[in-house]
Amino acid sequence: MTKIDIVSGFLGAGKTTLIKKLLKEALADTRVVLIENEFGEIGIDGGFLQEAGIQIKEMNSGCICCSLVGDFGASLKEVLDTYAPERILIEPSGVGKLSDVVKAVQAVVSEAEVELNSAAAVVDASKCKMYIKNFGEFFLNQIENAGTIILSRTGKLSEEKLAACVAMLRERNGKAAIVTTPWEELDGVDILGTMEGRKDLEAELLEELAEHGHHHKEEHCGCGHSHEHDSGCTCGCHGHGENGHGHGHSHHDHHADEVFASWGLETAASYTEAELEALLGELEKEDEYGFVLRAKGMVSAGDGSWLHFDYVPGEWEVRKGRADVTGKICVIGSQMKEDRLEQLFRRERKG
């Protein structure tokens, strides 16, 4: 019986970092296949995870909530037939809905020797409040449907802010285990053990989804108010107004591509570390580039080495990494100004 573990999480929460930790510290002697679905034109994370020696089946056909149910069954069966894994890790798109992923797994369980072993959500503790306010529909779906909520970046928070984050999450999920200890203080075995200890919740979730489909709870939209939705609504959109930033959408039936956009670039140009730092800092200017939620990529440094980078609002990192066949840059956000992003990253460079 192949175990399936889902590691969901909003854009930039740290899913890939957590998966690498689990692979290294908890699953090193296990036959593992990772299935990931990226929202974006250019797949980036596959390059990061190849370093761990994991076979990757990328599905870049769109947002997970639209494409997964159609593509997932065939992809999963192909993985099972080809690799006969002991365990499959699923890393959904950061803007995918965990309930959709669970239902897609459920549809395959009856046809293959697989079981849903765990469903976790990685949450950036420092941005919890902002994401609930602006992207409640997508962010909260992951929270509400997780057996384990694994907080990232907790080491940088005060006890008061961490407690406030936990309280907000508890309002939406009173049963899930919540991991608050900084990851560097934990072994991957402990994290995986916590995820697996919540199998009773996964069983409850499968039963609830089978009976009722979507949750119909009060959800936060970008306008900063809450809206109670009629459980019989199937229209797909209530047309609530956007807030001042234009980030928010409130209804449970929005598809990710209605709310989020991605811009990608493949480039042979080289970038220095200082130059990348400056470019990522520019993405903070919402008036110039829109609300950028996530940027990641790998590019040549021009001296034979390569640089990998990650960006989330207010925080970014540039580091040395492995070479790729060409440079790749991916930016994801809401109300993005793609022409300005094009100008920012395509300026004439040496190399």
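# Notebook: contacts, strands and rings in a predicted model

I began with the contacts of the chain (a contact being heavy atoms within 4.5 Å), and found that residues 24 or more positions apart account for 74% of those with a separation of 6 or more. I note that this is a predicted model, in which local features need pLDDT of at least 70 and side-chain atom pairs count only at pLDDT 80 or more, while totals for chains, interfaces and linings use all residues. Residues are numbered from 1 along each chain as its sequence is written, and side-chain values use heavy atoms, with hydrogens and water left out.

**Overall make-up.** I looked up the secondary structure, which comes to twelve helices and 14 strands; these are DSSP runs numbered from the N terminus, helices being H or I of at least four residues and strands E of at least two. Of the 351 residues of the chain, 56% count as buried, a word I use for under 20% relative accessible area, with exposed for over 50% and partly exposed in between (1.4 Å probe, protein chains only).

I then turned to strand E1 (residues 2-9), where threonine 2 is found. Why does threonine 2 count as buried? Its relative accessibility is 8%, and, leaving aside residues up to four places away in sequence, threonine 2 touches Leu80, Pro85, Glu86, Arg87, Ile88, Glu113, Val114 and Glu115. E1 and E4 run parallel and are joined by four bridges, where strands are said to pair if DSSP finds at least two bridges between them. One such link has isoleucine 6 with isoleucine 90 in E4 as its bridge partner. Strand E4 (residues 87-91) has five of its five residues buried, so the strand is largely enclosed by the rest of the structure. In a regular strand the side chains alternate between the two faces of the sheet. In E4, I found Arg87, Leu89 and Glu91 pointing one way and Ile88 and Ile90 the other way, all of them buried.

**The five-stranded sheet.** Next I traced an open sheet of five strands, in the order E10-E14-E11-E12-E13, with antiparallel pairing. Its edge strands, each pairing on one side only, are strand E10 (261-267) and strand E13 (315-321), and the twist averages 10° from one strand to the next. Within the sheet, strand E11 (residues 291-300) and strand E14 (residues 327-334) pair in the antiparallel sense over seven bridges, and alanine 295 has valine 331 in E14 as its bridge partner. Helix H10 (residues 273-282) packs on the sheet, where it touches E11, strand E12 (306-312) and E13, its direction making about 155° with that of E13; for such angles the axes are lines fitted to C-alpha atoms, for helices over the stretch in contact, and the values run from 0 to 180 degrees between N-to-C directions. Helix H12 (residues 338-345) lies across E10 and E14, and runs at about 25° to E10.

Methionine 298 lies in strand E11 and is buried, with a relative accessible area of 1%; from methionine 298 to threonine 326 I noted 8.4 Å, C-alpha to C-alpha, although the two are 28 residues apart in sequence. Aspartate 310, whose place is in strand E12, counts as buried at 17% relative accessibility. Which side chains make polar contacts with that of aspartate 310? I found arginine 294 at 3.0 Å and arginine 319 at 2.7 Å, a polar contact being a pair of N or O atoms within 3.5 Å, of which, within protein, one must be able to donate a hydrogen and the other to accept it, residues adjacent in sequence counting only if both atoms are side-chain atoms.

**Helix H7.** In helix H7 (residues 188-196) the buried residues are Gly188, Ile191, Leu192 and Met195. Seen down the axis of H7, they fall within an arc of 95°, so they line one face of the helix; the arc is that of the directions from the helix axis to the C-beta atoms. Aspartate 187 caps the N-terminal end of H7, with a side-chain oxygen 2.8 Å from the backbone nitrogen of valine 189.

**Aromatic pairs.** Last, I searched the whole structure for aromatic pairs and found five; rings of Phe, Tyr and Trp (its six-membered ring) pair if their centres lie within 6.5 Å, and planes under 30 degrees apart count as stacked, over 60 as edge-to-face and the rest as tilted. Phenylalanine 10 and phenylalanine 139 form an edge-to-face pair, 5.9 Å centre to centre with 90° between the planes. Phenylalanine 10 lies in the loop between E1 and helix H1 (15-25) and phenylalanine 139 in helix H5 (residues 128-144), so the pair ties together parts that are 129 residues apart in sequence. Both phenylalanine 10 and phenylalanine 139 are buried, and ring pairs link Phe10, Tyr131 and Phe139 into a cluster.
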